[in-house]
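Good morning, and thank you for coming.

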Amino acid sequence: MSDSDKSPYPPSGESRSTFEGHRFSDEGLQRKHAQLLREKEEPSEGFSPMPLFLVFLIMILSFWAGIYMVEYGGYFDAFHFDETATPGILVQDTGPQEVDMLALGRRVYSQNCAICHGADGSGQAGVFPPVARADWVQDNPERLIKVTLAGLAGPIEVNGRPYNNAMTAFGRLSDQQIAAVLTYIRTDPALGNNSYPVSPELVAQVRAEWGARRNAWTGPELEEIHGPVTGNWSPSNGSTPETAEE
Amino acid sequence: MSVPASIATAIDPRTESPEAIRVRLSEVDTSMKVPGVFFMISALFWLMAGTVFALIAAIKFHNVDFLGDSEAFTFGRVRSAHLNAMIYGWGTNVIFAVAPWIMGRLCRTRIRFTNILVIGGVFWNIGVTIGIFGILAGDKIGVEWLEMPAYATPLLAIAFACTGVWVVLLFRWRESGHVYVSQWYFLAAFFWLPWLYTIAQIMLVFEPARGVVQSLTNWWFAHNVLGLWLTPIALGAAYYLIPKVLGRPIYSYYLSVIGFWSLALFYNWAGVHHLIGGPIPAWLISAGTVASVMMVIPVIVVAINHHMTVVGLHKEGWASPTIRFVVFGAINYTAVSLLGSAMALRSVNEVTHFTHFTVGHAHHGVYSFFTMIMFGAVYYMMPRLLNREWPSAMLISLHWWATAVGVTLMVVVLSLGGWIQGLRLNAISDDGTVVYQFMEVMEYLNPYMVMRSLTGVLITIGHVAFFINFFWMLCQRPDPRTPARPTLLTNEA
């Protein structure tokens with residue numbers, strides 16, 4: 001039981017004790033209503049004044065609320081989603097944004113490629129071919145774009161070592177993302193490849209030509225189109241007839 | 001008759017002598033006996049069922065294969081079954097037991113048509129049972145806090161109407177002059193929940209709103225079930241029990257007024273803070289953040305009011321099971337609400353959102369605050385309904401220590417783990433790559449998840465103690481010759 005007094009009678013002289021002994025002195029009645037008799041008076045309310053600091057607290061909070069709504073209210077506009085932006089900037093078209101292809105490529109690489117090819121691009125001997133200091137990477141970019149779009153399966157040779165595994169297709173990445181990641185692996189000094197960047201337009205072109213392809217490429221198929229991997233390919237010394245106009 | 005009472009009677013004829021009031025209280029207790037016992041038995045079985053679901057869900061976090069073969073007990077279902085069993089099974093049943101009783105006592109009028117109350121309660125429990133089985137069978141709706149399938153919910157709405165209407169009507173039939181603060185909270189809550197529930201059902205299940213309005217409605221509803229249903233009931237119960245058990249008036253009527261109206265004004269805006277970072281117009285989220293922070297006002301006000309009522313009577317309070325549970329709940333109301341206001345700030349929310357921090361916060365609110373106050377209320381109510389005493393002080397003590405320590409540890413573990421989880425998930429290095437892979441973060445959290453399950457076991461022990469004590473009390477035959485002594489927790493009190 002939860003009363004604080006133990007005896008069925010409240011101690012005499014206690015404040016707010018509301019009993020009159022003679023009315024409830026019948027013993028049977030007391031036993032029947034023991035719980036009810038020992039409980040204290042029904043709750044009531046005092047009228048202590050509100051503490052002064054509370055007035056100040058309410059004022060400060062209301063003031064803060066006003067400032068917050070003015071600052072981050074989004075101008076009460078249904079199409080204003082960024083609380084820090086101003087509406088003028090929202091409608092101004094500042095033209096295409098300059099994208100740092102290396103930074104974007106590094107991010108795309110770490111999210112998609114690094115699991116197999118390694119964060120430092122060294123791959124895994126005999127299982128996943130390297131992208132750092134690799135002849136394939138410094139070859140014709142169209143070959144790389146094809147591999148990225150539709151994947152690659154079967155035996156290939158990278159830097160003279162044989163690999164036989166399957167690479168997933170990354171056709172879901174955008175032209176810009178593919179261009180960025182290829183630019184990154186071809187030009188970033190940390191990976192040791194010394195080639196030239198890949199443009200999103202080239203990716204779009206290859207995608208338009210080969211985007212319908214669903215099954216992964218194989219080494220011989222690519223060799224048929226682009227010739228053997230040289231590791232030092234550029235549009236000027238390109239040996240395959242199909243890519244000569246690039 | 002004491003002198004102040006005579007003066008009061010002279011001024012307001014409805015002011016009755018203390019003896020007359022006690023006779024009325026006796027009528028209230030007698031009228032509430034059958035529905036009270038019925039709702040308590042239902043609530044206890046749901047509490048145990050919800051605890052089992054909770055343990056299964058918790059174990060799955062560190063032992064993924066646990067019950068992995070069972071389709072019904074996959075995480076997505078068992079977690080929803082836990083939530084719904086606790087909110088609609090345990091929480092609402094215990095409210096149906098406690099709220100009419102306190103409302104009746106404060107209105108000085110017996111509960112009428114208790115048969116309809118019980119019938120409504122039977123259908124409520126049938127509805128919850130159908131809903132939980134529907135969730136486990138895979139029919140759940142993908143709306144948090146409203147997962148019960150659509151074939152269970154109309155029954156719930158009707159059952160609630162049959163049950164809740166008597167609390168509202170009790171107020172209509174009141175024979176008390178002054179309206180006490182608990183009555184405001186109860187009356188408001190019994191209007192708020194039907195309003196929330198029907199609007200949410202219509203806008204999300206039967207005639208779904210389009211686009212982001214759905215998620216806005218979802219979180220408006222889910223946060224308000226806590227804020228406008230569980231919270232006012234628990235606060236009303238605390239406002240009744242603290243002065244009642246300690247025999248001292250509530251500190252300040254003025255603070256009660258501010259606390260109630262600021263809660264009513266601010267709480268129903270606050271749910272939008274669950275959508276910070278989402279594709280919601282910025283002003284709506286800002287309004288939700290502001291309302292959440294403004295909740296500091298009712299929280300501080302209620303904290304002062306309760307604290308000033310208890311202060312100096314801690315020894316008596318510690319001896320009383322009711323006050324122990326209720327004061328624990330009241331303290332946690334302050335803590336959880338201030339934390340909640342902080343979590344609604346955009347910068348904090350970026351870390352805590354989608355982490356275990358939020359889970360800890362939810363248990364802090366629904367368990368440490370609401371459920372603990374309800375335990376306290378049950379410890380006070382049952383002896384009066386049954387004219388019996390709690391058979392075992394040891395079991396009450398076990399219940400208190402296991403649940404209080406268990407839930408506090410759980411909140412600490414989940415908050416700490418969740419905070420680190422949020423920091424690691426957000427960590428970005430200078431070149432824009434993530435510092436921690438997702439799996440690394442999950443593996444890091446494993447010890448925290450084991451700890452969480454252990455605290456869950458502790459809470460389960462407390463629930464079992466409560467369960468045994470309750471049915472022991474129901475089954476015992478008290479000897480009419482021995483004087484009834486209250487079951488207190490310390491001998492020297």
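This is a predicted model: local features need pLDDT of at least 70, side-chain atom pairs count only at pLDDT 80 or more; totals for chains, interfaces and linings use all residues.

Helix α10(B) is mostly covered, with twelve of its 15 residues buried; buried means under 20% relative accessible area, exposed over 50%, and partly exposed in between, with a 1.4 Å probe and protein chains only. Among the buried residues are Val296(B), Ile300(B), His306(B) and Val310(B). Helices (H or I, at least four residues) and strands (E, at least two) are DSSP runs, numbered from the N terminus.

Residues are numbered from 1 along each chain as its sequence is written, chains are lettered from A and ligands numbered from 1 in the order in which they are written, and side-chain values use heavy atoms, with hydrogens and water left out.

Let us turn to chain A. It has nine helices and two strands, and 40% of its 246 residues count as buried.

The strands β1(A), residues 152-158, and β2(A), residues 161-167, pair in the antiparallel sense over seven bridges; strands pair if DSSP finds at least two bridges between them. Ala153(A) stands opposite Ala166(A) in β2(A). The two strands form a hairpin with two residues between them, and Asn159(A) in the turn has a positive phi of about 50 degrees.

Most residues other than glycine have a negative phi. Tyr75(A), however, is not a glycine and has a positive phi of about 55 degrees. Where does Tyr75(A) lie? Its place is in the loop between α3 (52-72) and α4 (87-91) of chain A. Is Tyr75(A) buried or exposed? Tyr75(A) counts as exposed because its relative accessibility is 52%.

In chain B, Asn387(B) also has a positive phi, near 55 degrees. Asn387(B) is found in the loop between α14 (356-386) and α15 (393-426) of chain B. At 32% relative accessibility, Asn387(B) counts as partly exposed.
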